[in-house]
Amino acid sequence: MKYILFGLLFTLFACTTWAQKKYTISGHITNASGEELIGATIYEKNSKLGTATNTYGFYSLTLPEGEYEIEYSYLGMETQDQKIKLTENLKINIKLEEREKVIEEVIITAERKNENVLKTEMSTIKLQAKEIKQVTALFGEVDIIKTLQLMPGIQATGEGFSGFNVRGGSPDQNLILFDEATVYNASHLMGFFSVFNNDAVKDVKVYKGDIPAEFGGRLSSLLDIRMNEGNLKKFEATGGIGTISSRLTLEGPIIEDKWSVLISGRRTYADLFLLLSSDEMINSNKLYFYDLNLKTNYKINEKNRVFVSGYFGRDVLKYGDMFSWDWGNYTLTTRWNHLFSERVFSNFSFIYSKYDYKMESGDDLYGFKWVSDLEDLKIKADLTYFLNPNNTVKFGFDGTYHHFNPGYASGPSGDPIVMPESNALEYAIYLSNEHSLGKNLKINYGLRASAFQNMGKATSYNFDENYEKIDSTVYDQWDIYNTFYGLEPRLSINYLLNQRSSLKASYSRTKQYLHLASNSTGGSPLDVWVPSSPNIDPQIADQVAVGYFRNFFNNLFETSVELYYKNMDNQIDFKDHAVLSLNAELEGEFRIGDAWSYGAEFFIRKQQGKFTGWISYTLSKAERKIPEINYGKVYPSSYDRPHNLSIVGVYDLTKRLNVSATWVYATGNPVTFPSGKYEYEGMAVPIFTERNSYRMPDYHRLDLSLTLKGKYKPNKRLRSELNVSVYNVYNRHNAWMITFTQDPENPGVTKAEKIYVFPIIPSLTWNFYF
C-alpha cells in the first residue's frame with residue numbers, strides 16, 4: 001500500500017517539464033444532436049499518443065510544440081482527421097456525424113478500435129442504448145438490467161427478476177447510480193422490471209471488479225447509468241405503445257446549442273381496463289407503475305456548464321378500500337462542470353436520493369398503516385488533471401448524510417410499533433493515476449480512504465454472546481457515537497502483447513457500510529437497509545483478477561477470458577426463522593462470518609456487420625462459513641450457480657427487418673428444503689438440516705423477436721417500427737418456488753409442488769420517432 005501512495009505522490013510532484021515547449025489541445029466531442037460522447041478516442045498518428053473523452057465528453061491532450069495529425073473517432077461515427085500546428089493552447093470542439101445511414105436507422109459500420117485490448121480497466125462491460133434495445137425482453141419491455149444479466153459474471157437473482165448478483169456477491173453489494181444518484185430499489189412490480197426507461201438512457205457501464213478509486217460503498221460491483229442530456233439542435237420525440245405499458249420522451253433546445261431539456265415518462269396501464277367494469281369492487285382497484293425522468297443542461301460559457309436531472313418512480317397496488325401498497329424512488333442531481341485550465345477538469349455535484357414504501361389496510365378505526373424510508377444527501381467533487389499524455393491524475397472527495405427510518409406501524413388496537421430511527425455520515429477522499437510506462441505497459445493505481453460514523457438521534461442495543469438483548473443506549477441529536485474507517489487500494493495493470501492482444505491484472509479492496517436485511521434472494525420492496533454500527537462491522541472484500549484479451553479478424557470479434565478470486569469478511573446472513581420486519585432488535589438476528597467466491601468468465605462478442613451478438617459463459621463457486629449457521633460448516637451461498645451460459649444473436653434479414661434470439665442456461669439456486677418431518681398435534685412439522693444443501697431445477701429459456709421498420713420516406717419526420725417478441729418460446733416451466741404440502745387423501749405423505757410464473761408469453765410493441 002505504501003508503494004501505491006508513494007507512486008501517486010511522486011507522479012504529482014515529479015518534474016514534468018520537457019526540453020521542448022508543450023501545449024494542450026482540449027475540447028468536447030459531441031454527436032450531431034449535441035450529446036457529449038463518452039469514451040470517444042483522440043489519437044495522434046505520428047507519435048501514437050492519445051486519450052479518450054470523460055463522462056462529460058471532455059478531452060485534453062498535451063504535446064510538444066510541432067505539427068500533428070489528430071484522429072477523432074467513436075464507434076458508429078465518421079472518423080475526423082485534423083492537421084494542426086501546435087504553437088499555443090488550442091480549443092477544438094468536434095462534432096462527429098453518423099457514419100452510414102440506411103433508411104432512418106444508424107448502422108454501426110465504423111472500424112472498431114481495440115479499446116478493450118488497450119485500456120487498463122478489466123472486469124467491465126459497456127453497453128449503449130441501441131444494443132440493449134435489440135435484446136428480446138419480457139412483455140416487450142426493454143430492460144437494462146436484464147440485458148446485463150446476460151453478461152459473464154452477472155446472474156439474475158430469480159426467474160424474471162431484475163435483481164442481479166455479481167461474482168457471488170449479494171444484490172445489496174451492487175452500487176447502482178443513475179446520474180450519480182444512488183438507487184436503492186431498482187425494481188418495479190415486485191422485481192419483474194427495472195426502473196430504468198431505456199429511451200432516457202445514454203450510457204451503461206458496469207464494473208464487476210477493478211472499481212475506480214472515485215467510487216466506493218459496495219463490495220461487488222458498480223452499475224453507472226448516465227441519462228441523455230437532451231438534443232441541443234432540434235426537437236425530437238421518441239415513444240412506444242406496448243403490451244403492458246406506454247412511454248414517451250420529448251427533448252429539444254430551449255436555446256439552440258446552449259440550453260436543452262429532456263422529459264421522459266413511462267406508465268403501465270393494466271388498471272385502466274379495470275375502469276371499464278361495472279363492478280365497483282373491480283373498477284376501484286389499481287395496479288401500475290410509472291417512471292418520470294427530467295433533465296436540463298445549460299452551457300454558461302466554454303468553461304462552465306450546469307446539469308440538473310431527476311428521477312421519480314412509483315409502484316401502486318390498491319384493492320378497493322381494503323388494502324393499498326406503494327413504493328418508489330426519488331433522485332435529484334445538480335452538477336457543475338468547470339474548467340480550471342485546459343488540463344484541469346472538475347465536476348461538483350449535489351445529490352438527493354430517497355426510497356420509501358407505505359402499506360395501509362382498512363379505515364382509520366380498524367385498519368393499519370406501515371411506512372418506512374431511507375434518505376441520502378450527498379456532496380461530491382471530482383477533478384481530473386491531464387498531467388501529460390502518459391499520466392492522467394484523478395482526485396476528489398464525497399460526503400453523504402444518511403437518514404434511516406426502518407419502520408412505523410399503527411393498528412386498531414394497542415400502541416404503535418415505532419422502529420428507532422438513526423443517522424450516519426459517510427465520506428471519502430481518493431487519488432489515482434493512469435500511468436503509461438512505455439508503449440506496452442500501463443498501470444492504474446489509486447487509493448481511497450473512507451470513513452463512516454453513526455450519529456444520533458439514535459438508540460443502540462447491546463447484546464450478549466447469545467444475541468440476547470442486555471440493554472440499550474440512547475444518543476442525542478448529532479452525537480457521534482461510533483466510527484469506522486479504512487484504506488481501499490486499487491491497482492490494475494495492462495501489458496500489451498501486440499495491437500490485438502493484452503494481459504491484464506487487477507487488485508481492489510472495497511468496504512461496505514450499509515447492509516440490506518432481506519431473507520429473499522430476489523428482494524422485496526419491504527426490505528430494510530441497516531447501517532454498520534457497534535454490533536455490525538463493515539463488510540470488506542479483497543478481489544484479484546487476471547485476464548487475457550484478444551481481438552480477431554481486424555477487431556471484428558472481441559474475446560476475453562478472466563479468472564477471479566474474491567475474499568469477503570464480515571459477511572451477513574440471518575439465523576433460522578429470523579424476524580426482519582418491524583423488529584427493533586433487528587441486529588440480534590444478524591450472524592456474521594466469512595465468504596469467498598472464485599471463477600472463470602469467457603466472453604466473445606461481435607458488434608459489426610449484419611450479424612451481431614455475444615456468447616457468455618461463467619464457471620464459478622461461492623461459499624460461506626458463519627459459526628452460528630449450518631453447525632459452523634461451510635455451505636453454498638444463496639447466489640452460488642456454478643454454470644451460467646448466455647447466447648445472444650441479432651441478424652439483419654433486410655434493411656428493414658431483423659430477428660433476435662436469446663438462449664440462457666443456469667444451474668439452479670441453492671435452497672434449504674426439509675429433510676424430514678415429525679408429527680405434532682396431528683400436524684406434520686418439517687425438519688431442516690443443512691443450509692442450502694439442495695438446489696432448484698436447472699434454468700433454461702429461449703426468447704425470439706422480430707422487428708419490422710417502417711418504409712423510409714426522405715421528407716417524412718415520423719418513423720416507426722413494429723416489434724413482435726416471444727418470451728420462453730418452448731414454454732419451459734422454470735421453477736419460481738417449491739412448496740411442500742400434505743396429501744389431503746394421505747396425511748402421512750408430503751408432496752413437493754413446483755410453482756412457475758412465466759409460461760410462453762407473446763408481446764407486441766409499436767415504437768415511433770419524430
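Lysine 713 sits in the loop that runs between strands β49 (699-709) and β50 (719-727); helices (H or I, at least four residues) and strands (E, at least two) are DSSP runs, numbered from the N terminus. With a relative accessible area of 47%, lysine 713 is partly exposed; buried stands for under 20% relative accessible area, exposed for over 50%, and partly exposed for the range in between (1.4 Å probe, protein chains only). Together with Arg656, Lys711 and Lys716, Lys713 forms a positive surface patch. Patches are built from residues with over 30% relative accessible area and no salt bridge, where like charges are joined within 9 Å and nonpolar side chains (Val, Leu, Ile, Met, Phe, Trp, Tyr) within 5 Å. Lys and Arg count as positive and Asp and Glu as negative, while His and the chain ends are not counted. The place of a charge is taken as NZ of Lys, CZ of Arg, CG of Asp or CD of Glu.

The model is a predicted one, in which local features need pLDDT of at least 70 and side-chain atom pairs count only at pLDDT 80 or more, whereas totals for chains, interfaces and linings use all residues. Residues are numbered from 1 along each chain as its sequence is written, and side-chain values use heavy atoms, with hydrogens and water left out.

The surface also carries a nonpolar patch, formed by Ile241, Phe611, Tyr651, Leu653, Leu706, Leu708, Leu722, Val724, Leu764 and Trp766, which together have about 860 Å² of accessible area. Two or more residues of the nonpolar patch come from each of β49, β50 and β53. Accessible areas come from the Shrake-Rupley method with a 1.4 Å probe, and for residues only the protein chains shown count as cover.

Salt bridges come next. Side chains of opposite charge can pair when their charged atoms come close. The structure holds 41 salt bridges, each being a side-chain nitrogen of Lys or Arg within 4 Å of a carboxyl oxygen of Asp or Glu. In one of them, arginine 605 meets glutamate 131 at 3.8 Å, N to O. This pair links distant parts of the chain, 474 residues apart, with arginine 605 in strand β40 (residues 590-606) and glutamate 131 in helix α3. Arginine 605 counts as buried at 7% relative accessibility, and glutamate 131 is buried too, with a relative accessible area of 16%.

Another salt bridge joins lysine 133 and glutamate 721, whose closest N and O atoms are 3.1 Å apart. Because lysine 133 lies in helix α3 and glutamate 721 in strand β50, the pair ties together parts that are 588 residues apart in sequence. Lysine 133 is partly exposed at 30%, whereas glutamate 721 is buried at 6%.

A further salt bridge, 3.2 Å from N to O, brings together the side chains of arginine 448 and aspartate 398. Arginine 448 is in strand β31 and aspartate 398 in strand β28 (residues 391-410), so this pair ties together parts 50 residues apart in sequence. Arginine 448 is buried, with a relative accessible area of 5%, and aspartate 398 counts as buried at 7% relative accessibility. Elsewhere, Asp179, Glu180, Lys295, Arg335, Lys380 and Asp382 are linked in a network of salt bridges.

Several loops deserve a look as well. Threonine 120, in the loop between α2 (115-118) and β11 (124-128), is buried, with a relative accessible area of 3%. Its side chain is joined to that of glutamate 434 by a polar contact of 3.3 Å. A polar contact is a pair of N or O atoms within 3.5 Å; within protein, one must be able to donate a hydrogen and the other to accept it, and residues adjacent in sequence count only if both atoms are side-chain atoms. Valine 757, in the loop between β52 (746-755) and β53 (761-769), is partly exposed at 28%.

Most residues other than glycine have a negative phi, and most peptide bonds are trans. Phenylalanine 139, although not a glycine, has a positive phi of about 55 degrees, and asparagine 731 has a positive phi near 55 degrees. A cis peptide bond, with omega about 10 degrees, joins glycine 456 and lysine 457.
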